[in-house]
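Hi,

Here is the structure I promised to pass on.

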Amino acid sequence: MRLTCSVEIVNRLLPSHNLKKPSQKSHSQISLGKKPGSTGKDGVLFLMICTAKDRNGTKIVVKDNIEQYFVKFINEGKATVRIKEPQHDICISKADPLQLKNFLNLLRSASQGKELERITLSALAPASARNVEKPKSKMVVLTRKDYPITTNFPSSLVHLQVSACNMKRVDSRILDLKKLQVLDLSENLIEDLPEKFNKMLQLNTVKFSHNKFMKFPLLLCRMPLSDNLVSVDLSDNQLTRIPLELCELKNLFYLKLDRNKIELLPPTIGKLVRLKQLSCVENLIKTLPANFNRLQLDDLDLYGNPLDLPEADTVITSHLEFPTLLEVSARAIKKMRIPYSNEDLFEQLCNYLDSARQCWCGNYCFRCSARYILRLDLHQMVKNVTGWNVVGQTLVPVEAFLCSQNCLNKFQKNPKAYWKKK
Ligand SMILES: [Zn+2]
C-alpha cells in the first residue's frame, strides 16, 4: 500500500544534545512492503519513505519497532508515528484522511507481527518522479509553442497564465481545472466566454486585459462566480458600456478597466461595498454616477478621462413637465420590477426601459427628469487619488437624476442628505 502525503522526519535525539534542526517537510510517498526478491513469510516488512530528493527511499523495519501512534488530527490528514530504532518521529500531513486511516491500521497489524495479505503490500521499488514531485500549482505559458497540445493541463493547477498565444476562445481543458483560482488570459484574441466558464467554482481572479471583448462578459456576474470574484481586469479591450449586473459582484476588491471606450460607470456602482481599488484610465467618462459617493476606495485612478467639471453645482437639463403616458407606464413597470424581454416588447421599448434612471427617492424616471451635476471632492471617499490631471485638484462632476420638482428642490437644498439614502 502506498500513501502520498507530506512528511517530516524528526530525530528525537537532537533536543537531548541541545541541537535543533529547522522543519523540513517534503512531499513524499510512503509504502509498506518487502524488498524485491524476498519471498513468502520470511521477508522482512519495511516502511519506505521516498521523496523527490531521495527516490530510492529510507527503509525502516516495522515489526516490533513502532513505539506509539499520535492520531488526534487524523481526520485532518495528519498523524505521527514514533519509531523505536532509529529514534525518529515520522510526522505525516496533507494526506487523504481515509487512506491515512487504512495505512495506519495496516502498519499497526504489521508491527504486531501479523501476516498481511500480499495484495496490500508494495514491492519496495524506487518511487517514480511523478509520485514524489510536488503537484504543480502554477503554470505560465507565454508563447504558442509552449502551449500544451498533446498533454493536459495538470489538474492541480491553482494559477494559470496563458498569454500571447492568439487564443480565440477559452480552451475547454482550462474550464475543467477544478482547483483554479487565478486565470490570466491577457494578450489574446478572446471576444466572449463560454457558458461553462461559470462552473469554475474556485476562481477568484480573472485577467483578460488586451483581448477583444466588445461587451462586459455577463457570465462573470452570475452565481457562483459573482460571489467569488475578488479581482477583475478587463483593461485594453473595446468595452463601451459596463452593465448594471457588475454591481452583483459582492466581493469585488479590485477592478481595472483602463483604455476602453467607457462613457458611463453603472449608476448603481455604490453597491460594490468591498471595492477598494478602481482604475479607469483613458476612457470617455465625462461624469460619475451619483451613487459613486457610496464607495469607500483606497486607490482610484481616473487619469485621461474628459471629466467635464462645471463652475458650480448646476441643473443641466430639466424636463420636469407632466410625464407622458409612456413614461408613467414605464415608471410603473420598473417600480414593480415586472420582467420584460425582447420577446414581449418591441426592441425600442426594451431599450427605453433599460434607459431608466433612479432618483434618490427610489423612483425611476426617464425623459421627465432633471439632470443635476454636483461637484464632489474625491478626498471625502478615496484614500489615494492618483494620476490626476491637475495636482491638488480632486473635484469631479457627479451626475444625479431627479424625478420631480419636489425631489429637485430637496436635493438642491441639501445634496449631502442624498448620499445617506440607499
Ligand atoms: Zn424622486
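**What I found**

The protein has nine helices and 23 strands. Keep in mind that this is a predicted model. Its radius of gyration is 32 Å, well over the 22 Å that the globule rule gives for 422 residues, so the protein is more spread out than a compact globule.

A few overall numbers: 42% of the 422 residues count as buried. If you take contacts between residues at least 6 apart in sequence, 48% of them join residues at least 24 apart. The protein exposes about 24,000 Å², with carbon and sulfur atoms supplying 51% of that.

Now for the metal. Which residues are the protein donors of the zinc ion? They are Cys-359, Cys-361, Cys-403 and Cys-407, each using its SG atom, and they lie 2.2 to 2.4 Å from the zinc ion. The arrangement is tetrahedral because the four donor atoms subtend angles of 103 to 115° around the ion. Along the chain, the donors follow the spacing C-x1-C-x41-C-x3-C.

Within that set, Cys-361 and Cys-403 link distant parts of the chain, being 42 residues apart. Cys-361 is in the loop between strand E19 (357-358) and strand E20 (364-365), while Cys-403 is in the loop between strand E23 (395-402) and helix H8 (405-413).

Are these two buried or exposed? Cys-361 is partly exposed, with a relative accessible area of 38%, whereas Cys-403 is buried, at 6%.

Cheers

Key: Residues numbered from 1 in each chain as written. Predicted model: local features only at pLDDT ≥ 70, side-chain atom pairs only at ≥ 80, totals over all residues. Heavy atoms only, no water. Donors = N, O, S within 2.8 Å, 3.2 Å for Na, K, Ca; no water. Tetrahedral: all angles 85-135°; square planar, octahedral: opposite > 155°, others 65-115°. Helix = DSSP H or I, 4+ residues; strand = E, 2+ residues; numbered from the N terminus. Buried < 20%, exposed > 50% of the residue type's maximum accessible area, 1.4 Å probe, protein only. Rg over C-alpha atoms; globule rule 2.2 N^0.38 Å. Contact = heavy atoms within 4.5 Å. Areas by Shrake-Rupley, 256 points an atom, 1.4 Å probe, with all protein chains shown as cover.
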